[in-house]
Structure formats: structure tokens, C-alpha cells
Amino acid sequence: MTEPTSAETIAPLSSAQHSLWFLEQLDGPSDAYIQPFAQRLRGPLDVPALERALEALVRRQQTLRSRIDLVDGEPRQIVGPARPVPPRWLDLGHRPQDAPAEVAAFALRPFDLASEDPLRTLLVRLGPDDHVLVCSVHHVFCDGLSLTVLGEELAALYRAARAGRPPRTALPPLERQYAEVVADRAAQACDARSRAALARWHERLAGAAPLRLRTDRARPPVRSGRGDRVPLAVPAELLTAARAAAGRHRVTLFMLLLAVFATTLRRNGCGPDLSVGTPVAGRSGAAEEALIGLFTNTVVLRLDLSGEPAPAALLGHVREQALAAYEDGHVPFEHVVDELRPPRDLSRTPLFQVMFSFQDFEEQALALDDLHATAWDVPAGTSKFDLELELGRDGDRLSGFLEYSTDLFTAATARHLADDFLTGLRDLLREAPHSPDPLSPKEPAR
């Protein structure tokens, strides 16, 4: 334990932060909860401007200069003073083929939450005008939307630094900081609205059994977290047909794809009672959307596929369950787990073992003056769940991956499941009758 100094500010943790911190205390530092952000930058990079932009970003977003440690016996987030954060430099101009391994080794190196800031940066030189910028952030202070904020703000601050303008001219001031949001939400956690929502979660999920998937290997008594991915893409013509079908059946594209995923699981050995987790953004209003922090919450959709329902009935059921879950999505997942108290099982994650994640927007490339920026993939080699299907818009198609636990599945089985998902999508689009109502419900940002 490192005692806070007079220059540091102490704040409480959110329930999600507390859960991640507890897991790290239990299992030790891990690469399972690291959010890597890596971009390949082609063109004349202004390194001093980039360093000034990083320093300004850390000064602006308090989470990037925070740590978690015990204060009076309780874990707290401790916000430190702003200071320069020059990236580590690695010249691979003579061996650029080593860049993927070097980037992954740096990006996924575990953090010590008590002594380290949760942001670590690396600049890899591949050639005179060819670099890879790596920003590695611990999930306890960062979620998926936070990485978008990080990229957009870093780009704006870089442009200002190159033009010789002060950082305050690049971005509007933040209305609040993450720690302030956490404190306000803690005060609302026990209000009447939250208690009623928690009771509804209990009613929905009570008695749900663990998912029973056919696996290639026996489930170990303690899950290792090791995993891998197989790519998956929904081609343009199939996506166009899926959007049209979703509109006809008054469901969102997310709901339609979730229905297909559920039927894929059912065909591959699961029973008819399926619990699938999905993330929700957990942000309210522009002030929170501008922050880097852990806002994402997880909701569990319990789906009943008994009797092999026809497509129209299945889509209606998924819509009903999804809208109910969104309505109560403000209740932290950790509170739902505490309410239901599932039997402790180190071989499975509680309440659900399969995740479905979908974003119906396309990530924008960083706007860095005359630099051409493209995403650099950092394969994690981990899996938080038995299976996770993640899809997002990629031009006129969807692309993503099926992540799987290597404790349970082989790559061949994962590939079969991914292919079976596409087969199931084609089958649903062929079998689903038309509906006269073109309206489609709205859902929260993911």
C-alpha cells in the first residue's frame, strides 16, 4: 500500500471498478482486463507535438492519472497530479517483422493498480515515416467508448500542438470528472427506482441454469481465461436483407442478430433456457460521453427457445426481453449478482457464460493532419467467457470475431459455430414472413 500524498485526491470506486479490483487481488495482475488502443501512423509524425498532446490528455482526463489502493482499509481511486507522459520509444526499422509481437507484449503487460497510472504508451518506429502508436489502458478506468474518446481527443490535441495553439482551444472544458459521476451514482444506488429494478432482475433471472454447451474438452475446475478468436463477416447483401427484415418485424438489427446467435447456440447443444450477456454503454448525456472511464454495464437477456419458435415469435420474444433489460440497465451487474447469489463456481462466470456485443456504427479513423492512421490489431489471447460474438459495422458489411475459451473449444469448433451463425442468419431471413409494420424500436448506445 502506498499512502496518498497531499497532491492526490481520494474518491470512491464504482461497483464495476470494485469488482475488477477484487479479481486482481484474488488472481493477481492479469492481461485479461487491459484495453489496448493501437494505430499505425504513416506520414511525417511530429513527435514533440504528440508528446504535448499526450500530456494535455492526461491533464484533462483524471482517470488517466489515477491508481487504486487501500485507504483506511477500503479500496479507493487516487487521482494524482498531471505530469509529462512521454511514450516509450522502440526503433524496429531494422526488423519491422517483429512489430506485432513487440506491440502485443507491451500492450498486454499487466498493470500494478496500486503503484502505476492506468495509461502506458509506446511509439514504435517501423521506418522514416511509418510508426505505430500504442496506448494501453487498464479496463478499471476505461471501456470501449472511452477508447473512442481517447482517440478523438488525442487527435484534436495533436492538431492544436502542431499549430502552436494551447490545449484549451482544442476541446471544450469537461463539465465533470469520472470520480464525480461515480460518487453521484453511489448515492442513487439504493433509491426506490433502483430497488424496484433490482426486484425485476431477480424475477427474470431466478432459477436460470448455467449454459450447457457441447465442448471439445472437459470444463476445468477453475477457468484459466485463455482464449483465441476466429474472424466472422456478414457480407453486404446479407446485411441489407437483415436490416430490411428487422424493420418489417419491428426489431433492431441487434435484436435480430441476437435471435440468430441464440438459435445457433440451441442447435449446438444448449437447452432452450438461454442466458446471454450484452454490454450497454451506461452513459447519460453529453457530459458523461466526453469522459474516459468505466461506464459500461452488462445486462443479461434470458431467452426461452422451447418448442423451437417460428422466426416471428422468436423475434417478438427477443424484443420483449431486450426492451425490459434496457429499462433496468442502470442497475450495476454486480448488484444483480449480489441479489441472486448464484452458487460459487470458479469454472464459470456468474449468471451467463456467453456474451453478444454489437455496435451499429463504424469507427472513424484518427484525423491527424497529414498522417494516415489505421487501426493496428492487438490479439489478446484471452477470453472472459465461454464464447463471445462481437460484430460492428465495417463499410457496407459487418465484421468481427467469435472469441472462445481454449479451455473448452478447438479452433475448428469455433469456426464451425461462426459459420453456423451465418447459416442461421440466412435461414431466418428466408423463413421469416413479412410484417406490415415498418417501425423499428430504439435501443441504447452500445
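Let's start at one residue pair: Pro 231 has Phe 401, in strand E14, as its bridge partner. Strand E8 (residues 227-234) and strand E14 (residues 397-405) pair in the antiparallel sense, over eight bridges. Two strands count as paired if DSSP finds at least two bridges between them. Helices (H or I, at least four residues) and strands (E, at least two) are DSSP runs, numbered from the N terminus.

Quick note on the source. This is a predicted model, where local features need pLDDT of at least 70 and side-chain atom pairs count only at pLDDT 80 or more, while totals for chains, interfaces and linings use all residues. Residues are numbered from 1 along each chain as its sequence is written, and side-chain values use heavy atoms, with hydrogens and water left out.

Back to E14. E13 also pairs with E14, antiparallel, over eight bridges. Arg 393 stands opposite Leu 398 there.

Now follow E13 to E11. Strand E13 (residues 387-394) and E11 pair in the parallel sense over six bridges. One of the pairs is Met 355 with Glu 388 in E13. E11 also pairs with strand E9 (residues 273-280), again in the parallel sense, over two bridges. Here Val 276 stands opposite Val 354 in E11.

Why is E11 described as largely enclosed by the rest of the structure? Five of the six residues of strand E11 (residues 354-359) are buried, so the strand is largely enclosed. The cut-offs: buried is under 20% relative accessible area, exposed is over 50%, and partly exposed is in between, with a 1.4 Å probe and protein chains only.

Next, a separate topic: the open sheet. Three strands make it up, in the order E1-E4-E3, with antiparallel pairing. Strand E1 (9-11) and strand E3 (66-71) stand at the edges, each with a single partner strand, so one side of each has no neighbour in the sheet. On average, neighbouring strands of this sheet are turned by 40° against each other, direction ignored. Axes are lines fitted to C-alpha atoms, for helices over the stretch in contact, and angles run from 0 to 180 degrees between N-to-C directions. Six bridges join E3 to strand E4 (residues 74-79), and the two run antiparallel. Among the pairs, Ile 68 has Gln 77 in E4 as its bridge partner.

On to the second largest pocket. How much space lies in it? About 1,200 Å³. The method: on a 1 Å grid over the protein atoms alone, a cavity is a set of points where a 1.4 Å probe fits but cannot get out, and a pocket is an open set with protein on both sides within 12 Å along at least five of seven lines. Lining residues have an atom within 4 Å of a point. Grid points are joined across faces, edges and corners, and a volume is the space filled by probe spheres set on the points.

The lining has 47 residues. Arg 185, Gly 282, Arg 283, Phe 295 and His 330 lie nearest the centre. Several helices supply at least two lining residues each, including helix H1 (15-27), helix H4 (144-162) and helix H10 (311-327). Which helix gives the most to the lining? H5, with six residues.

Asp 191 is found in the loop between H5 and H6. Asp 191 is partly exposed, at 31% relative accessible area. Its side chain reaches the backbone nitrogen of Ser 194 at 2.9 Å.

Asp 420 lies in helix H12 (residues 411-431). Asp 420 is buried, with a relative accessible area of 13%. Its side chain makes a polar contact with the side chain of Asn 268, at 2.8 Å. A polar contact is a pair of N or O atoms within 3.5 Å; within protein, one must be able to donate a hydrogen and the other to accept it, and residues adjacent in sequence count only if both atoms are side-chain atoms. Asp 420 touches Thr 264, Arg 267 and Asn 268, not counting residues up to four places away in sequence. Contact here means heavy atoms within 4.5 Å.

Last, backbone angles. Most residues other than glycine have a negative phi. Glu 308 has a positive phi, near 45°. Glu 308 is in the loop between strand E10 (297-304) and H10, and is exposed at 65% relative accessible area. Leu 351 has a positive phi of about 75°. Leu 351 sits in the loop between H11 and E11, and counts as buried at 18%.
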